[in-house]
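Hi there,

Here is the structure I promised to pass on to you. Have a look at it first, and then read my notes below.

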Amino acid sequence: MKFEVTILGSSSATPVYNRNPTAQLLNCNEKVYLIDCGEGIQQQMIRYGYKTSKIDYIFISHLHGDHYFGLIGLLSSMHLNGRIKPVQLFAPAPLLEILELQFKHSDTILRYPLEFTPVYADENRLIYENADVSVETIVLNHRIPCTGYKFTEKKRLRKLLVEKLEADGVPVSYYPLLKRGVDLDLPDGKVILNADYTIDSNAPKSYCYCSDTLADDSYLEPLRNCTMLYHEATFLQEMLDRANQTFHSTALQAAEVAVRVGAGKLLIGHFSSRYKTLQPLLDEAAAVFPNTELALEGITFEI
Ligand SMILES: [Zn+2]
Ligand SMILES: [Zn+2]
């Protein structure tokens, strides 16, 4: 099953040096989940060859403009392009009021259902699940209410040892039961033990997205042993005071979080406009957590 994330924006606050504000596309089994929606997202999707019509789910972390100023444009374009499929939007409650005001004064009545689920930054909650993935909030510590999101693959069915099944003449019609872990009593009296003919599927992978946060202990628990952690790294450690004042993290702190939670891989992003080149941020994080990469725009990371 495909489980990958494409970076569309990695700048904090303002667009600079061809870097755009935060937006990411998560592809899970060919369903597309948009995570944050910074200004410029539509141009970014065109640039990297993604269709906005594929997006069925949108998750917004908080209401600083660099995380949602692209939303009114994106939703309006979906309307103008004749979309009728629903869009599920998960976001802080006041966003609905903001959008409704914008639509009211442009006399826009969307052709498609915009299904809004308010997200509250008080406790971590399961907010959505389907056959492929579950989505939980991660309450972060930012200047305004802010939640990250944890996407966890659903456990797959057991894998069949097909050659052995064929060799022993087990009818194909029993395969679905075997995939679900059932032992079989065949009509001829033969007993087929599931453990002899199947193996466990791979452990479910998880992607944790921590958008804007002061690095502290409060949000580590849901990140434990995640396959991939995206963590903001707005500043270098030499700017720690500034990071604390603005409720942001340094590259070093992002790497320390990755170490503490046992993440498989770390992506850092949300870079301050003061950094024209990003190598120093990568170097600082990778010295502590070697399996770190920059969340560079246009790059797709397999989770
Ligand atoms: Zn931000
Ligand atoms: Zn913010």
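The protein chain is assigned two domains: domain 1 covers 3–156 + 202–302, and domain 2 covers 159–199. These bounds come from an automatic or database domain assignment. Taken over C-alpha atoms, the centres of the two domains are 43 Å apart.

This is a predicted model, in which local features need pLDDT of at least 70 and side-chain atom pairs count only at pLDDT 80 or more, while totals for chains, interfaces and linings use all residues. Residues are numbered from 1 along each chain as its sequence is written, with chains lettered from A and ligands numbered from 1 in the order in which they are written.

Next, some backbone angles. Most residues other than glycine have a negative phi. D107, however, has a positive phi near 50 degrees, and H270 has a positive one near 60 degrees. D107 sits in the loop between helix 3 (94–105) and strand 6 (114–119), and H270 in the loop between strand 16 (265–269) and helix 9 (279–286). Helices (H or I, at least four residues) and strands (E, at least two) are DSSP runs, numbered from the N terminus.

Are these two residues buried or exposed? D107 is exposed because it has 6 other C-beta atoms within 10 Å, whereas H270 is buried because it has 28. The cut-offs are 20 or more for buried and 12 or fewer for exposed, with partly exposed in between, and C-beta atoms are placed from the backbone.

Enjoy exploring!
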